[in-house]
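Here is a brief report on a structural model. Please read it alongside the sequence and coordinates.

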Amino acid sequence: MAVGKTIPVFDAIARVNGSIPYAANLKLPGMLVAKVLRSPLPHARIVGLNAAAAESLPGVAAVLTAADFESPDSPALYYGMSLKDQPIVAHEQVRYTGQPVALVAAESAERAEAALAQIEVDYEELPGVYDAVEARQPGAPVLHEAYPDNCFVHAKLRRGDLAAGLAEADDIIEETFTSPLAQHAALEPHVAAAQWQADRLIVWSATQSPYLVRQTLADIFGLPAGHVRVIVPPLGGGYGGKGHIRIEPMVAALARKTAGRPVKLILSRAEEFVTVTKHAATITIKTGFKRDGALTARQVTLYWNAGAYADVSPVLVPAGMVRSIGPYRIPAVWVDSYGVYTNLPPAGAFRGAMSSQAAWAYESHMDTIARQLGMDPLELRLKNLLRSGDLFATGETLHDLHFAECLEAVAEGIGWREARPADSGPVKRGRGLAVMMKSTSPTSRSECRLKIAENAQMTLFTSTVEMGQGAHTALAQIAAEAAGVAVEQVKVTGPDTAVTPFDSTTSASRSSGMMGSAILKAGAVLKEKLIEAGAPLLEYAPEELRAEAGYVFVAAQPDQRLSYAEILQRNGLSALEAAGEFATKGGLDPETGQGLSTPHWHQGAGACEVAVDTDTGKVTVLRYHAASFAGRVVNPQLAHLQNEGNVIFGLGPALLEEMVTDNGQIINTNLSDYQIPSFLDTPLELVSTLVESAAGEFHGIGEMTLPPVAPAIANAVFDAVGVRIRDLPMTPEKVLRALRQAEGE
Amino acid sequence: MKDKVDGFMAELSLTLQVNGQIYPLTVSAERTLLDVLREDLGLVGAREGCGVGMCGACTVLLNDQPISSCLMLAAQAEGATITTVEGLETADGLHPVQQAFIDQAAFQCAYCTPGFILSAVALLKQQSQPDDQVIRDYLAGNLCRCGSYGNIFKAVKTFEELL
């Protein structure tokens, strides 16, 4: 059985010999280099723009500005996931430093840069606002006229009687937690190339969502979707930053002016910082609880800094609402989740979307409650954890819950119940834990196709994107099992929207579950077709036949069998194909947040031991145990890599990462001043546990052990030195300041 | 070197020795070694991740030392022996360090992997049995956003144990 086995990824050799064909490698005949002229100001009117000198420079093929969108047959200037508020290039106004104002396509990077320098733009500066809470206050600068309070999405959840729940409580605690603006920081930047052939467009893009890109471009250019072809090579990391439309519209619009010559844009690292961010968040959480630890009521208010354009926030802000509560039984829950415009680059989906910021709040808060009660933080959680069959705050019934198992696994791993070591000297050790609950997309669809050739080689056609998670290999394992074929005989093709069928997106940890389910269906259909084709040859009725391990055989007499290859050959068939589709549909009532928020729940936990140097404030994670609910594991080695990778990734937001802004200028737009975790930040002991359900569904595992990292560390810091940090990242300065303040009190 | 022509840097004739082969090239004087390796020689194992020598994705070996090729002008590399990841494989197959990375699944998206492999090769040439902290310190200049450090460490350790 291919599923459940550790096998190396199919392209392992290419990964170690450098030959993976990342988008930046793309070379096409006549290809031009694109560069982007960006706004130097966070909020300004454009009062003049002259690109004539740039256009006439030798080696410049085309210049794109808002003027190219003014005639009746021009493409649409504005696009967006729900609110079409984002211009492909700035039009009359710039709303964040770094916003694209013009693009140049030229024979070389040097000539393109020289042309940018020749484009004259006159700005009239406007006041800007950079904090989501401030932006919603009366008197704040308004970014979009349609939203005078800058709040463009407000998701609400109302369940139970909050006032009664709080009145019934023996005690109430309210805390506010903040998370900063941050970067996905995939080592591979955003890359896209575009080429027009008459009214057909081909785009190569390092994107996680080829069909979303296709539809958006079709809408912008007024084309039938089939006239746009999106091809996706393996990505050098995505983490959600490549999950939605990004640089493709401007590259495609520029390529429209080059008489069919392809145009490629590779963003620099500095440009990455002004392209997409992780929402900064201010989260106020108030909980009522009984003396015995039972939670009676919770109210959460979340302000999400969406940046200058709505982008995917209209979807993420309601998702954030659902993800802000925590995996606990609470009879009365009220949540208000606000998406607010600010003069910063647009925020997008980030690994553990909204759950990282939310778990930072609710899991730190849970420890505050535990300490208030004098209760063990693990016991408080175990007492209140949701269990299968419970109703969630959205009114949906929960199934397949394993929060307690995940938490117990990490607690046991860290030795939670063992005696704490005694510390002497300035370095104090402590332990902390956290557990998190995350929804995936409630509404999405995955389609696939399986094709078996007469040599018994099988091809899986899928638009799931390979971005290092090993998706193609894992899906091939599922396909092998579903069709009864050896995994060595499976080849994966895609994504290419001309060839591979629809998939919503490779994000939200949905692919193992959704595409996996589509593949199971296709495999079942393929087996049926093989049985039907084999029946007359074997001279048995189809109902008496089975298909397994490359053979169709008589159930009652297994030696009476034919190989798949033989069945095809003797039927004169060059191939047999089967399609599979899996879709889910959900949604929440806009006033109450009641409904179906997810097909299944993502569950993860972490426990750590840290050392806090009270002289320097430095926090070192000594040991970390992570656990996630993995459903039916497809490839154990790849699953563990996801768990471990998430923990390493999570050390960044917890301890290191913050985009620093000064009046709308991001001042640390490089990987020296914006630090991501290195080998030296890795805990000496990092252990991953997969809580499995062999008979269960395939479950995504791309994010689960990430959100618990920051609160587990903060809880360990509290355990070590008795200070509560409520603002990320937990830098040495913040810890020292908190220690000094505590001493002073 | 000639003066600027047409507003752009003049072109230089130079010779680079890469993976045991000599390449005579004519390149604009301001071009980095990384750019020339990728665009002129088609050696795409070295990649740009940060452009400021912090991430290690552009690592190549210059006279057996790992360097950030994004910070070196192509012209500065003349006369040195350059090894890229493409130069590790032989007719007999993958370099043992490359095989160790596969055996330990020491990568995910693999954008950083050639850089790590070259750094590991350089380390193991200097010290055949580096201790754990030496490995971590040496590899601290190669960043992996996917977070494969655990398996990368195992790859270097198991390789070491095989020697």
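## A covered helix in chain A

In α9(A), the buried residues are A:S313, A:V315, A:L316, A:V317, A:P318, A:A319, A:G320, A:M321 and A:V322. Buried means that 20 or more other C-beta atoms lie within 10 Å of a residue's own; exposed means 12 or fewer, partly exposed is in between, and C-beta atoms are placed from the backbone. Helix α9 of chain A spans residues 313–322 and is mostly covered, with nine of its ten residues buried. Helices (H or I, at least four residues) and strands (E, at least two) are DSSP runs numbered from the N terminus.

## Model and numbering

This is a predicted model: local features need pLDDT of at least 70, side-chain atom pairs count only at pLDDT 80 or more, and totals for chains, interfaces and linings use all residues. Residues are numbered from 1 along each chain as its sequence is written, while chains are lettered from A and ligands numbered from 1 in the order in which they are written.

## Chain B overall

Chain B has five helices and five strands. From the N terminus on, their order is β-β-α-β-β-β-α-α-α-α.

The C-alpha atoms of chain B fill a box of roughly 55 × 30 × 25 Å along the principal axes. Of the 163 residues of chain B, 50% are buried.

## Packing of α2 and α3 in chain B

Helix α2 (residues 96–103) of chain B packs on helix α3 (residues 113–126) of chain B at about 125°, with axes 10 Å apart. Axes are lines fitted to C-alpha atoms, for helices over the stretch in contact, and angles run from 0 to 180 degrees between N-to-C directions. α2(B) and α3(B) are therefore oblique to each other.

From α2(B), B:V97, B:Q98 and B:F101 meet B:T113, B:I117, B:A120, B:V121 and B:L124 of α3(B). Contact requires C-beta atoms, placed from the backbone, within 7 Å.

## Where chain B meets chain A

In chain B, 39 residues are in contact with 40 residues of chain A. On the chain B side, the elements giving two or more residues are α2, α3 and α5 (149–162).

Technical notes: Angles under 35 degrees count as roughly parallel, over 145 as roughly antiparallel, 65 to 115 as roughly perpendicular and the rest as oblique. Two residues are in contact if their C-beta atoms, placed from the backbone, lie within 7 Å.
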